[in-house]
Amino acid sequence: MVRNTLPRRFGVPGLPELNASQVNAAKSVLQKPISLIQGPPGTGKTVTSAAIVYHMEKQGQGQVLVCAPSNVAVDQLAGKISATGLKVVRLCAKSREAVSSPVEHLTLHYQVRHLDTSEKSELHKLQQLKDEQGELSSSDEKKYKNLKRATEREITQSADVIYCTCVGAADLRLSNFRFKQVLIDESTQATKPECLIPLVLGVKQVVLVAVSSPVEHLTLHYQVRHLDTSEKSELHKLQQLKDEQGELSSSDEKKYKNLKRATEREITQSADVIYCTCVGAADLRLSNFRFKQVLIDESTQATKPECLIPLVLGVKQVVLVADHCQLGPVIMCKKAARAGLALSLFERLVLLATKPIRLQVLYQSLCSNIANFTT
């Protein structure tokens, strides 16, 4: 148990009131060194996380570090926390500083550029000169870097909450920081090594937030484990032995792998529909499959090469579902984006005069005021 004084009320300024299960989650988290929060989509994990971070900061244990495996997840939670009135800094990789973001005003590079103090006038002048000329003299470049580093350090040290991706927690600009409280959102989307990066910075209290999959029972690995047939009893025995001992003898391991492959093939071949990510369509377990009909959902969020992966498996009929006016693929390399990689296959086909079929009726769980506004 962590000895913390619990707040009298768990409501947070700028956020919706928490429901009973969210309050219970926040109350439990604030008293434990390690907490896991799991919830299906729509249960308010982001709001709950934001409320937890707010109360963590108010406990006076220093700055709170908030991480997530993806930039989108980090930005979404940063926006929520900012609404509570806490001083937030979003640390981006330098390669992403040119990428627009809905929380750009919270980013460190934005705050450095727009810090309005007389002490920073020289930095701004040098920045402006660098933007205009493309480069500075060696002496000015050295001065510019020193001033920028000092300003970044000043802004970061004065923040209540620092946001970054899990990998971003290894940024050299955070090398001298020690965070006693760390929250990792969408933690199941990160590998263990990724999750461990923010946890080596002096952490005393950890919160891992993740979405529970409502379709886990449909996954191949679940069906392999739970296939209830006498033929698979040997596979189950070997699986149980592997779980208990951690490893099998070389002969048992070989037998286990062969049985598992055969079971996976049996389940996959008997399915009516197979689901996977675009990249997952290249899985070796699908190498002998030929799909005449393929549907790709959220296709504008994938690059053209990603979309093409499932389309080389003998396809005769393709359906791309998306809204090209919303999120597009995230391309880190500016040169690749300019060369056309930022244009999704969906958008490319629209430009080639393939007319999309539009859905006309809006079905969403919105309050009446918002619903009336959107229509």
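A cavity, on a 1 Å grid over the protein atoms alone, is a set of points where a 1.4 Å probe fits but cannot get out. Its volume is the space filled by probe spheres set on the points, with grid points joined across faces, edges and corners.

I am working on a predicted model, where local features need pLDDT of at least 70, side-chain atom pairs count only at pLDDT 80 or more, and totals for chains, interfaces and linings use all residues. Residues are numbered from 1 along each chain as its sequence is written, and side-chain values use heavy atoms, with hydrogens and water left out.

**Cavity.** I searched the whole structure and got one cavity of 30 Å³ or more. The largest cavity holds about 60 Å³ of space. I listed its lining, meaning residues with an atom within 4 Å of a point. Among the lining residues are D75, R90, C92, E104 and H109.

**Pocket.** Next I looked up pockets, which are open sets of points with protein on both sides within 12 Å along at least five of seven lines. I then checked which elements contribute; helices (H or I, at least four residues) and strands (E, at least two) are DSSP runs, numbered from the N terminus. At least two lining residues each come from α8 (220-226), α10 (250-270), β7 (293-296) and β8 (317-320).

**Overall counts.** I find 14 helices and eight strands in the protein. I took buried as under 20% relative accessible area, exposed as over 50%, and partly exposed as in between (1.4 Å probe, protein chains only). By that cut-off, 35% of the 375 residues are buried.

**Cores.** I went on to nonpolar cores, which are sets of buried Ala, Val, Leu, Ile, Met, Phe, Trp, Tyr and Cys residues joined through side-chain atoms within 4.5 Å. The largest one has 33 residues, and V66, I81, V161, Y163 and L183 touch the most other members. Two or more residues each come from α1 (20-29), α2 (45-58), β2 (64-68), α3 (71-82), β4 (161-165) and β6 (205-211). Helix α2 gives the largest share, seven residues. I also noted a second, separate core of 24 residues, with C67, V89, A169 and F179 among them.

**Y163.** I listed its contacts (heavy atoms within 4.5 Å). Leaving out residues up to four places away in sequence, Y163 touches V66, V74, L77, A78, I81, V88, V89, R90 and L91.

**D185.** Which side chain of opposite charge is nearest to D185? It is K45, 7.0 Å away. I counted Lys and Arg as positive and Asp and Glu as negative, with His and the chain ends not counted. D185 is buried yet has no salt bridge; that would take a side-chain nitrogen of Lys or Arg within 4 Å of a carboxyl oxygen of Asp or Glu. D185 sits in the loop between β5 (181-184) and α7 (192-196). Beyond four places in sequence, D185 touches C67, A68, P69, A73, L77 and V209.

**Positive phi.** Most residues other than glycine have a negative phi. I found E186 with phi near 50°. E186 lies in the loop between β5 and α7, and is buried at 18% relative accessible area. I also noted E298, with a positive phi of about 50°. E298 is in the loop between β7 and α11 (304-308) and counts as partly exposed at 42%.
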